[in-house]
Amino acid sequence: MKFPGSVLVSLILFVAETAAALCLSGAYRAAGDRMWQWLTLLFALLPCALVQLSLVFIHRDVSRDRPLVLLLHLLQLGPLVRCVEVFYIYFRAGRVEEPYVSITKKRQMPKDGYSEEIEKEVGQAEGKLCTHRSAFSRASVIQAFLGSAPQLTLQLYICVLQQEITAARSIFMVLSLLSIVYGALRCNILAIKIKYDDYDVSVKPAAYLCIFMWRSFEIATRVTVLVLFSSVLQIWILPVVLVNFFGFFFYPWILFWQSKSPFPENIEKALSRVGTTIVLCLLTFLYAGINMFCWSAVQVKLNDPDLINKSQNWYRLTVYYMLRFIENAFLLLMWYIYKTDIYLYVCAPLLVLQLLIGYCMAVLFMLVFYQFCHPCKKLFSSSISEGLLSCFKFLCFICKPPKSSILMDKAEVKSLENTDEARSSSKTLDSQKGNPHQSVSSNA
């Protein structure tokens, strides 16, 4: 039985970030900055409430007679209770013989083209720990992209406006960045385990390192670009954020309406149609929040029973990173054009170059992960290099004009050349007819 380290890391980040947010909001109140105080509290308490809701929903506490647990969730102490329960189950496991066990069948990764199926006994304690790990992973994703990401953007924006980085604010920003990167890492691992649920997946340390570096560069550069742009064009940042957010929010719904599939009813038996709609809206809300800052490894598909698109789509990945790079470059260009006096002592061209290189480094680590470190790379129908090559060929084919138009252009050019030659020859004949002495002298 594995040590529940992911649960402990999630709890530490959750408690540390919440405590730092409360301390920093108190500092803003003492300084008289009411607006920064309330925004800091909002971005701290809203994800806390959503984390409690997700933990209650996954463990189905509403349908069970557990009033004390529900009360502690209302007091925003749900993660602490869950962590204590996890370690109680972990240290108690093996001391008491379990009444029954379930048998799961998993397939090993293919070796030399063959894949063996192995059976594994899973006891009640291990099943409960697996449920807790899954719940904390989803809670970490919610905390990261609905709380830590807006919080990091806000605090960096305050630092730029006030031209000062205090110790408390810097510690808080580091905690928020770690929380976002960890949430993105858990999102990647969740996507792998959901897509390849039939296989026994083991993630190596090199894969964790690649994901950590990939997400760190991607999220840090994205947040910095948004803050720089909003510091000089405060009004125009609103349409940029709204177009990004609502574009990703409605994208799964548009695909669902185009597929003409029936409304999903198998999410939770106790939920009504209205409750199912609310859950799906919250899911797409989280999906849009993730894609605002980085590529979501989990692609929402509402007409699938698991609500996840399990196919590996290199085209969508390529288009996302190309458009995001163009958007970041455009926002940096606007910042460079309209930068104010607060950036008087900043080398703007060097900063732009560093941010663009940072985003390219994120793409590089992503390519290394999918090409060499992905735990299920043997199951890919095509590698990331082959997929990108086909994507670029497809884009070049779209940008290239059709052959028929090229042939028509060549034919038109040839016809124009022929007409020009005919006109020039006719002119020489007319000149010879009009001046016969010149032609005789030339013949002589």
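The expected span of a helix is 1.5 Å times one less than its number of residues. In this predicted model, helix H1 comprises 27 residues and extends 39 Å from its first C-alpha to its last, close to the 39 Å expected at 1.5 Å a residue. Glycine 32 follows H1 and has a positive phi, near 85 degrees.

Helix H1 also contains glutamate 17. This glutamate counts as buried because its relative accessible area is 3%, and the cut-off for burial is under 20%. The C-alpha atom of glutamate 17 is separated by 10.0 Å from that of glutamine 151, although the two residues are 134 residues apart along the chain.

The largest cavity is lined by 13 residues, of which Ser10, Phe14, Ala139, Ser140 and Gln143 are the closest to its centre. Classification of the lining gives nine nonpolar and four polar residues, with no charged residues.

Aromatic contacts were examined next. A pair of aromatic rings is described by the distance of the centres and the angle of the planes. The count comes to 22 aromatic pairs in the model. One of these is formed by tyrosine 321 and tyrosine 359, whose ring centres are 6.1 Å apart and whose planes make an angle of 50 degrees, a tilted arrangement. The pair links distant parts of the chain, since tyrosine 321 belongs to helix H10 (residues 314-338) and tyrosine 359 to helix H11 (residues 348-373), 38 residues apart. Both partners fall below the 20% limit for burial: tyrosine 321 is buried at 7% relative accessibility, and tyrosine 359 is buried with a relative accessible area of 3%. The two tyrosines are also members of one aromatic cluster, which is formed by Phe248, Trp295, Tyr320, Tyr321, Phe325 and Tyr359.

The charged end of arginine 215 sits over the ring of tryptophan 214, at 4.1 Å from the ring centre. Lysine 339 lies over the face of tyrosine 336, at a distance of 4.2 Å from the centre of the ring.

Key:
Residues numbered from 1 in each chain as written. Predicted model: local features only at pLDDT ≥ 70, side-chain atom pairs only at ≥ 80, totals over all residues. Heavy atoms only, no water. Phe/Tyr/Trp six-rings, centres within 6.5 Å; stacked < 30°, edge-to-face > 60°. Helix = DSSP H or I, 4+ residues; strand = E, 2+ residues; numbered from the N terminus. Buried < 20%, exposed > 50% of the residue type's maximum accessible area, 1.4 Å probe, protein only. Lys NZ or Arg CZ within 6 Å of the ring centre and 35° of its normal. 1 Å grid on protein atoms, 1.4 Å probe; cavity = no way out; pocket = protein on both sides within 12 Å on 5 of 7 lines; lining within 4 Å. Nonpolar A, V, L, I, M, F, W, Y, C, P; charged D, E, K, R; others polar.
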